[in-house]
There are 2 protein chains.
Amino acid sequence: MRKFYAAYYIMNKYPHSTRILVALDCIVFGFDGEELKLLLIKRNFEPEKGKWSLMGGFLEADEDLEVAANRILYDLTGLKDIYFEEIKTFGKVGRDPVERTISICFFALINIHAHNQDSAKAQNAYWINLKNRPNLIFDHNSMVELALEKLRYKAALHPIGFELLPEKFTIPQLQRLYEAIYDTPLDRRNFSRKILSTKLLIDTGEKNQNSTTKKAILYRLDKEKYQSQFNAFHNFISDSMI
Amino acid sequence: MRKFYAAYYIMNKYPHSTRILVALDCIVFGFDGEELKLLLIKRNFEPEKGKWSLMGGFLEADEDLEVAANRILYDLTGLKDIYFEEIKTFGKVGRDPVERTISICFFALINIHAHNQDSAKAQNAYWINLKNRPNLIFDHNSMVELALEKLRYKAALHPIGFELLPEKFTIPQLQRLYEAIYDTPLDRRNFSRKILSTKLLIDTGEKNQNSTTKKAILYRLDKEKYQSQFNAFHNFISDSMI
DNA sequence: AAAATATTGTGTTATATTTACACAATTTAA
DNA sequence: TTAAATTGTGTAAATATAACACAATATTTT
């Protein structure tokens, strides 16, 4: 087999290797203050028209992988610089019945109130509660399950939860987010102490005016500390919750 | 663009999408009792003949991604059921100058004494100390750096270090392994207590006869507990070491 | 206007974990 | 027999975690 490789300089190609379709599929998480949500596509195109799926697309010939991920997220949300993270490449032979396609799967976290509604509408995308999501095409159900697992893992060790909240937020809001992610109640007092001990939050001096009872302090993330302490957030959630 | 999708049933193909070469590249870690090592290829084939690279291969048309990873590892080591983990897909446009190729990168942990020497010889593979590895082709240097980062992260939270040791091992051996992974000295007494508190080790009743001083107890891994407690190993190494 | 209700902010104590450090036992070589 | 190297185990102080209680604020009800 190796004798053929001599040809590569002439042809500028690897001979005898199969080129395969490369897709990207993205699990977009959002949080409405109560529930964890997914931005899902009601497909108005083939294949599997009429069914639900993740947002995806194909990697183009002259496009960096990371650029493709950003492009797909931009087309869906109208946002740039979204937090996203590759989770796995799905590569079973029959996973897409149309044609052999591998899919590089990633999850993204966005502020549900900040994205462009028109972009979502153009893609026929809807926010669906994670808990009562519909069945998805192909192996997209497995992708969502894995994404949730990875989100739980990562959010226990690093301060990525803030990506799902607005610029200014209260500690009770942050707690409700973590309770949604781990689907478990957390002790208010211990949660607050733990969060404040990270020194990642800056008191804006403002209070949440939406509240109907006692108004909570609005904080914002200390972005410099967020960068430098990204790896020092460990042990936020106990093992048993992950 | 979407009007073309109607064609997919007839052609059994997605029209207007680019098929791309899909490679897999593997960082194989080993431990000789002193140093962390990599199994690297001295290339006796084009392209970049004569230079050093990771072991790799192309995904075939009718091959599951996971099967391909196992095939590549088997060709290199003669071993099956190796512990491996996907770390990232490298997909910059020009990363392989011969032809657009994305590479799904993963790392593997093997017992350096158990693999098949002939298999390695057939691939022209050599064990090289991680610390004084040669320059590698393409983006393989970045792959190794990322693999080390991921190994450190994972090994701090889960008991994967055992994959690098022989069936029977001593606690001092295990400690030297962790010291090699994190490139830092660890306190012998705290290390021992922490490891034993996991209850993952079973005393074989034997002692290490290789030692020139006091002979250490040989342990083996409790594989059932290893499975069930894989996620309960957290906080083994302190954050600052990762 | 006062009381009731819901929610927020902070404090305390018991328990568990982590860190720093010391000494006795085993084996070989001098 | 002694010295040197290494292994196994112990202890106390500091830190972190988990469980729990009460006071303060804002709205709604009476």
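Which residues are closest to DNA strand C, and how many surround it? There are 19 around DNA strand C, and the closest are Pro172(A), Arg189(A), Lys214(A), Arg189(B) and Lys214(B). Being near here means that a C-beta atom, placed from the backbone, lies within 6 Å of the strand.

A word on the ground rules. This is a predicted model, where local features need pLDDT of at least 70 and side-chain atom pairs count only at pLDDT 80 or more, while totals for chains, interfaces and linings use all residues. Residues are numbered from 1 along each chain as its sequence is written, and chains are lettered from A, ligands numbered from 1, in the order in which they are written.

**The DNA surfaces**

DNA strand D also has 19 residues around it, with Arg189(A), Lys214(A), Pro172(B), Arg189(B) and Lys214(B) the closest. Two or more residues each come from α6 (188-197) of chain A and from α5 (171-182) and α6 (188-197) of chain B. For DNA strand C, the elements supplying at least two residues each are α5 (171-182) and α6 of chain A, plus α6 of chain B. Helices (H or I, at least four residues) and strands (E, at least two) are DSSP runs, numbered from the N terminus.

| Surface | Largest contributor | Residues given |
|---|---|---|
| near DNA strand C | α6(A) | three residues |
| near DNA strand D | α6(B) | three residues |

By class, the surface near DNA strand C has four nonpolar, eight polar and seven charged residues. In this count Ala, Val, Leu, Ile, Met, Phe, Trp, Tyr, Cys and Pro are nonpolar, Asp, Glu, Lys and Arg are charged, and the others, Gly among them, are polar.

Chain A has seven helices and ten strands, and its C-alpha trace spans about 75 × 40 × 35 Å along the principal axes.

Chain B has an open three-stranded sheet, ordered β8-β10-β9 with antiparallel pairing; strands pair if DSSP finds at least two bridges between them. β8 (169-170) and β9 (201-207) of chain B sit at the edges with a single partner strand each, so one side of each has no neighbour in the sheet. Four bridges join β9(B) to β10 (residues 217-221) of chain B, and Ile202(B) stands opposite Arg220(B) in β10(B).
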